[in-house]
Amino acid sequence: MKKILLAGNPNTGKSTCFARMTGVDVIISNYPGTTVELKKGRMKLKGEAREVIDVPGIYSLSPANEAEKIAVKKLLSSEGKIINVVDGLNLERNLYLTLELIEKGLPIVVALNFCNELRHRGVKIDVKKLEKLLGVPVIPISAIAGQGIKKLVDKLPELKSRPETKVLSDKERWQKIEAIIKQVQEFNPKKHTFWEHLEDFSIHPLTGIPAGLFIIFASFVLVRFVGEFLINYIFNPLFSLYYPVVLKISAFLGPGLWRDILIGSFMDGKIAFDQSMGLLTTGLFVPIAMVLPYVLAFYAVLGILEDSGYLPRLATLLDTLMHKLGMHGLAVVPMFLGLGCNVPGVLSVRILQTKKERFVAAALLAVSVPCMAQMAVIFSLLGSYGAGALISYFLILFIVWLVLGIVLNKLIKGEAMETFMEIPPYRLPNLLSFTKKLWMRMKNFIYEAIPFVFLGVLIINILYVFNVVAWLGDLAAPVMSRLLGLPLEAVLSLIVGFIRKDMAVGILSPLGLSLKQLLIASVMLTMYFPCVATFVVLFKEVRLKGLLQISAIMIFMSLFVGGLLNLVL
Amino acid sequence: MEKTLNQLEEQKEAKIIEIKGGVSFNKKLAELNIRVGKNIKKLASQPFMGPVVVEIGNTEITLGRGMAGKIYVEEI
């Protein structure tokens, strides 16, 4: 199949064009490096099928890192037509790649994006003249609004390869660009618009650091508030309606193995959705009524942080701290994503340049960053003890994160790159793409959570039936009770924790633990092992050796911290 | 007067007159349009030897002090 490739600098809107052209849902955010792998989709062009490829952003055809190498190779070897997406607000530096593509004689059309923002930012571009000077078609578009996409697509059939021209030197190319810019662009920076004031405010340390701390804190409070609201007013009432249905099913099944597996055990003659451990009771209740509302709230808040362009600013403010932990500022992106689910968190460590940074980020994620599913259950477990209990939990993990980062930074050879990144302008999140992203992430959650929770419940039931729990309890007794001060039954949660962390925390609730024991168990569960899905992506990103190292760190750290808490608290 | 980007005061505009360092370093900076002859404005510098934030044209850029120290500018 013939190909169409989307190429351009990072954060110019390639993925937005891709989604518009193919109808394929992709994650779009307002920071450079959202797309880290090639994405493929299809579209019809004059009745013929075409493959559309979204290529990760590059600044030039001489790649600096692995992701860029893949992108450049794909561009030069695909023999497809190329849509060069260009940021109209930063035409000058975007043209470098454009000139390189033109020199190669590739069939390209330039899509001049963010045209709706140009006037507002004081930029005027003479499109006709630009077209003439470049010798290739230029189409002004606004990808997010869908403007100009049709015109862009209509141009594709006309594109033809041209003979390669003389490859210019770096200096010559920049001279040529400056000459073009002089003729086609007028730039009268309009300062002091509301957004620009906000941009200055949030990057200046005196105002930005307090604002950043407030935003992080407010995000947590908002997630908790919205999650709780959804649980109390939507999901709990829904499950009350479901209760009589479950009773009927239970009566129909009668006592026996099937009822034990599907409905679970009765607590004081009633079904307790969170504790009965049946597939149709706890297996549905935990993922849907306890975890999903928080996951939804979290991704809504994260979406706003991503789409507005705030994350790169936070990365700037936290850069000094991140360097102490062997990473650089942009590591806030994997950390934030990891708070939602560790899987996309670990995948996004790719945006960090050196091996050391990637390893530290992956290790910190796996050991000390709890995912939202886990936090949701911990909210309900510790929440009844008041805010103090929750704050202690997060504080302990934060200290672990900090100390482990500092130690790893000292131990691991190699360097963290100095920060060098573009900060995108603030943009109002686009409602449609915001909702789409939220929907995609929720779909992923539902597809992954429910089967694994079912599996977790099933394993718990099987372990009980075959009396394995008691046996494992005896085996782990010395560690569990002496070192950590936990009852033997809690060992089951450690086993189940490998499948699903939220299930594991759920097991703790009927055990009647004291606050101290709950805190130790929650922290242990967060640290000792990531869930199986995270394990798989860790293997993909850091390979077997890295995975073994991270596992060793996890086991050591969780026992050490658990033992320490048992002594200190 | 010639000074590095680190020494430039916040909110001051300057012209880049020299970038010390090798070809690949220069190329990397040029990707975000930090080149000799360009006007640059320093927006902020983060405390505890944190990065500096500059503006060139319509782009804001965060760069570490090590890099900023190799960029020589002349105040306008």
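I began with chain B and read along its sequence, where the elements follow the pattern β-β-α-β-β-β-α-β; helices (H or I, at least four residues) and strands (E, at least two) are DSSP runs, numbered from the N terminus. I noted before going further that this is a predicted model, in which local features need pLDDT of at least 70 and side-chain atom pairs count only at pLDDT 80 or more, while totals for chains, interfaces and linings use all residues. For the names I kept to residues numbered from 1 along each chain as its sequence is written, with chains lettered from A and ligands numbered from 1 in the order in which they are written.

**Entry 1: chain B**

I counted two helices and six strands in chain B. Chain B has 11 Å, in agreement with the value near 11 Å for a compact globule of 76 residues. Along the principal axes, the C-alpha atoms of chain B fill a box of roughly 30 × 25 × 25 Å. I found that 42% of the 76 residues of chain B count as buried, where buried asks for 20 or more other C-beta atoms within 10 Å of the residue's own, exposed for 12 or fewer, and partly exposed for a count in between, with C-beta atoms placed from the backbone.

**Entry 2: chain A**

For chain A I listed 24 helices and nine strands. Its radius of gyration is 27 Å, close to the 25 Å that the globule rule gives for 569 residues, so chain A is as compact as a globular protein of that length. The C-alpha trace of chain A spans about 80 × 55 × 45 Å along its principal axes, and 46% of its residues count as buried.

I next looked for nonpolar cores, meaning sets of buried Ala, Val, Leu, Ile, Met, Phe, Trp, Tyr and Cys residues joined through C-beta atoms within 7 Å. In the largest core, of 132 residues, Val291(A), Phe298(A), Val332(A), Ala362(A) and Met372(A) touch the most other members. Helix α11 (residues 282-308) of chain A supplies the largest share of this core, with 14 residues. A second, separate core of 49 residues includes Ile4(A), Leu91(A), Tyr96(A) and Leu156(A).

**Entry 3: the sheet**

I traced an open sheet of seven strands in the order β9(A)-β5(B)-β4(B)-β3(B)-β2(B)-β6(B)-β1(B), with antiparallel pairing; two strands pair if DSSP finds at least two bridges between them. Since β9 (420-423) of chain A and β1 (2-4) of chain B stand at the edges, each with a single partner strand, one side of each is left without a neighbour in the sheet.

Within chain B, β3 (residues 39-45) and β4 (residues 52-56) run antiparallel and are joined by four bridges, and Lys41(B) stands opposite Glu55(B) in β4(B). Five bridges join β4(B) to β5(B), again antiparallel, and here Val52(B) has Leu63(B) as its bridge partner. The hairpin of these two strands has two residues between them, and Gly57(B) takes a positive phi near 60 degrees there.

**Entry 4: where the chains meet**

I asked myself which strand of chain B is joined to β9(A) by bridges. I found strand β5 (residues 59-63) of chain B, which runs antiparallel to β9(A) and is joined to it by four bridges. Glu422(A) has Ile61(B) as its bridge partner, while Ile423(A) is partnered by Glu60(B). I also noted that β5(B) is mostly covered, with four of its five residues buried.

The contact as a whole takes 28 residues from chain A and 25 residues from chain B, two residues being in contact if their C-beta atoms, placed from the backbone, lie within 7 Å. On the side of chain A that touches chain B, the elements that give two or more residues are α3 (91-103), α7 (170-184), α8 (194-203), α12 (311-317), α13 (319-324) and β9 of chain A. Of these, β9(A) gives the most, with four residues. I sorted the residues of this side into 12 nonpolar, seven polar and nine charged, counting Ala, Val, Leu, Ile, Met, Phe, Trp, Tyr, Cys and Pro as nonpolar, Asp, Glu, Lys and Arg as charged, and the others, Gly among them, as polar.

Technical notes. The radius of gyration is taken over C-alpha atoms; the globule rule is 2.2 Å times the number of residues to the power 0.38.
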